[in-house]
Amino acid sequence: MSVWRLGFAYLCDRWLNSVLLLLLLALGIATITLLLLFDGAMRERLARDARGIDLVVGAKGSPLQLLLSAVYHLDVPTGNIPAETATRLAAHPMVSKVIPLALGDSLAGFRIVGTDHGYAKHYGAVLAEGRLWNSELEAVLGADVARATGLGPGDSFIGSHGLTPGGPAHSQAPYRVVGVLSPSASVLDRLVLTAVQSIWEVHDHHETVGKRENIPREITALLVAYRTPLAAVRLPREINVETAMQAASPALEMARLLNLVGAALRTLRGFGVLLIVTAGLGIFVALTTALRERRQDIAILRSLGASRMRVLCLMLSEALSLSAAGGVAGLALGHIAAETLAGLMPEARAMGLTGTVARPDELYLMAFAIGIGALAALLPALTAYRTEVAATLSSG
Amino acid sequence: MPDSPIIALRDLRFEIGGRTILSLAAWQLPRGKHALVLGPSGVGKTTLLHLLAALLRPTSGALAVAGADLCTLKPAACDRWRGAKVGIVFQRLHLISAVSVLDNLRLARSLAGRSTDEGHLWSLLAGLGLSDVAHRRPRELSFGEAQRVAIARAAANRPELLLADEPTAALDDANTERVADMLAAQAETSGASLVVATHDKRLIRRFEERLELTAVAS
């Protein structure tokens, strides 16, 4: 019967009280854990999807919207730009790589992106089955798309107009699946890749057949990689001032976005901290009350040979077991919540939210929980430490 | 020091806030002998027991118990000494209600820094007729059972000195005899000296050593 077991016995003796405090603490920890997981996953996903892209060129509008639509495929495009800009920009001496993107259609809510093989190569895509597209109306599915639709090489599908499900179908021009990509934990997982020409082909059918030569070829955006850091100074201004297009820097816009989202996350985190502090106060009140009922017990422990330190440890052990258990339960709860959210909300999954990875910050969170428990127990523990044994035993 | 007395005190004085609570000129109890501390309520019997158990420190005088000088022993050493050498049966029993009867005994062993020694604890419980209630909580016990648990706990560490504060105050004649027998038996088993503080005259004939306390003239 160690001091720890006795502390545990006291907790069990007031189990309802203990469970409520544990729950309060666990909820606070879980809230912050969920935020940590979300924040971490989002930052990683945002950084990974934008890696190697120095500039996004598209139609004039909000630069953040351009970035969200062209890099993360989360927003609607700002408009279209002439297709020949791709060739012009690729010839620019400061540019090392240009990837064209043509958007407009979707398959079951997943976007169909007309592009070249450079796009798949940029994210290091690996084929799980089949091959990449070689001609018009051949399509390669991202891992999530293949799983959600059940389509595979050899199957055909009809794209629907617009980026949300339920748009008018392009039934005249069905796509043929020629390959499926392995999961890459990048934006490719949720895309259908095809040639830029496919998009034109589909929309020529959709619009006026027979006037193909008159239609100016358009694409939605260009992803650009610089050849030299100097380009960061010159190229965006060149495009923004001298052309009807706009150029947005992912690094700059992402910092702006994280700033916006960060404020909301900080507010929620404050709420979690509030819950934890409340739990700490609860532990303080519970121990102080318990101490009043337990003065006799403490005196008797002393009379049985327990030192003052031992009694101090007893009070601390109670608070520490409670806060450690609350911390562990909170972390578990946070991970379960993250996994559940990712399963229920496609948006959360798209952000890369998962409960299966742990973040290093969770260790600090655990330390914080235990620290709060220790702090809450300090005053009651010191009171217990100073108990006058003889006086307590002969008094009530 | 097997031949030195278990208790030796001289010019012992204990004060609280300048008021003398207890004053004793000299008293010795040989090892293995049992003694009765007699006197009316409020005369300082409990205070003397607390002094003997090093729960209180004498204001002045000399007090040696079970080989330790209780006037100079450091507080932490007092706690260790008490756990190892002294078993106390309190008037109000003071069992830990959050844990079982057996765990109350285990706690006594562990707080004294001893191994649990389940065999010893179970034979102690059996000897006091408590085997059936070993896993019960103290609040589920009758007063008689709880008192026997308190005696078992005091004896759990095979103390050299067994102290009992008014053990028979609330008991009828038959039970008074039984409790006195039990205390004596436990003291014999562990080779301890038994000191009982009481105002109960029924116990007088059982003890050859007696210490009468009288009110301090102040």
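Is F143(B) buried or exposed, and how many other C-beta atoms lie within 10 Å of it?

Mentor: Remember that this is a predicted model. F143(B) is exposed, because 11 other C-beta atoms lie within 10 Å and the limit for exposed is 12 or fewer. F143(B) sits in helix α5 of chain B, which covers residues 143-155. Now look along the sequence. A170(B) is 27 residues away from F143(B), yet their C-alpha atoms are 9.8 Å apart in space.

Next, take E166(B). E166(B) is in the loop between β7 (161-165) and α6 (173-190) of chain B. Its phi is near 45 degrees, a positive value in a residue other than glycine. Most residues other than glycine have a negative phi. E166(B) has 19 C-beta neighbours inside 10 Å, so E166(B) counts as partly exposed.

Now go inside. The largest nonpolar core has 125 residues, and L162(B), L163(B) and L183(B) touch the most other members. Helix α2 (residues 15-50) of chain A gives the most to this core, with 15 residues. Look at L163(B) with its neighbours within four places in sequence left aside. L163(B) is then in contact with L49(B), L52(B), A53(B), V86(B), I88(B), V89(B) and V195(B). There is also another core, apart from the largest one. That other core has 60 residues, among them A50(A), V113(A), L181(A) and V192(A).

In α1(B), 8 of the 8 residues are buried, so α1(B) is largely enclosed by the rest of the structure. Just after α1(B) comes A54(B), with a positive phi of about 60 degrees.

Helix α1(B) also takes us to the other chain. The contact between the chains takes 24 residues from chain B and 21 residues from chain A. On the side of chain B that touches chain A, the elements that give two or more residues are α1 (45-52), α2 (75-85) and α3 (101-111) of chain B. That side divides into 14 nonpolar, 5 polar and 5 charged residues.

Stay in chain B for its sheet. An open sheet of 4 strands has the order β2-β1-β4-β5, with antiparallel pairing. Strands β2 (19-29) and β5 (68-69) of chain B stand at the edges with a single partner strand each, so one side of each has no neighbour in the sheet. Strand β4 (residues 60-65) of chain B is joined to β5(B) by 2 bridges. One bridge partner is D69(B) in β5(B), which faces A64(B) as its pair.

Finally, cross to chain A. The axes of helix α3 (residues 63-70) and helix α9 (residues 250-303) of chain A come within 10 Å and cross at roughly 105 degrees. That makes α3(A) roughly perpendicular to α9(A). From α3(A), the contact uses P63(A), L64(A) and L67(A). From α9(A), the contact uses P250(A), E253(A), R256(A) and L257(A). By class, this contact has 5 nonpolar, no polar and 2 charged residues.

Chain A has a positive phi too. A108(A) has phi near 50 degrees. A108(A) lies in the loop between β3 (95-107) and β4 (110-115) of chain A. With 13 other C-beta atoms within 10 Å, A108(A) is partly exposed.

How values were computed. Residues are numbered from 1 along each chain as its sequence is written. Chains are lettered from A and ligands numbered from 1 in the order in which they are written. This is a predicted model: local features need pLDDT of at least 70, side-chain atom pairs count only at pLDDT 80 or more; totals for chains, interfaces and linings use all residues. Two residues are in contact if their C-beta atoms, placed from the backbone, lie within 7 Å. Ala, Val, Leu, Ile, Met, Phe, Trp, Tyr, Cys and Pro count as nonpolar, Asp, Glu, Lys and Arg as charged, and the others, Gly among them, as polar. Two strands pair if DSSP finds at least two bridges between them. Axes are lines fitted to C-alpha atoms, for helices over the stretch in contact, and angles run from 0 to 180 degrees between N-to-C directions. Angles under 35 degrees count as roughly parallel, over 145 as roughly antiparallel, 65 to 115 as roughly perpendicular and the rest as oblique. A nonpolar core is a set of buried Ala, Val, Leu, Ile, Met, Phe, Trp, Tyr and Cys residues joined through C-beta atoms within 7 Å. A residue is buried if 20 or more other C-beta atoms lie within 10 Å of its own, exposed if 12 or fewer, and partly exposed in between; C-beta atoms are placed from the backbone.
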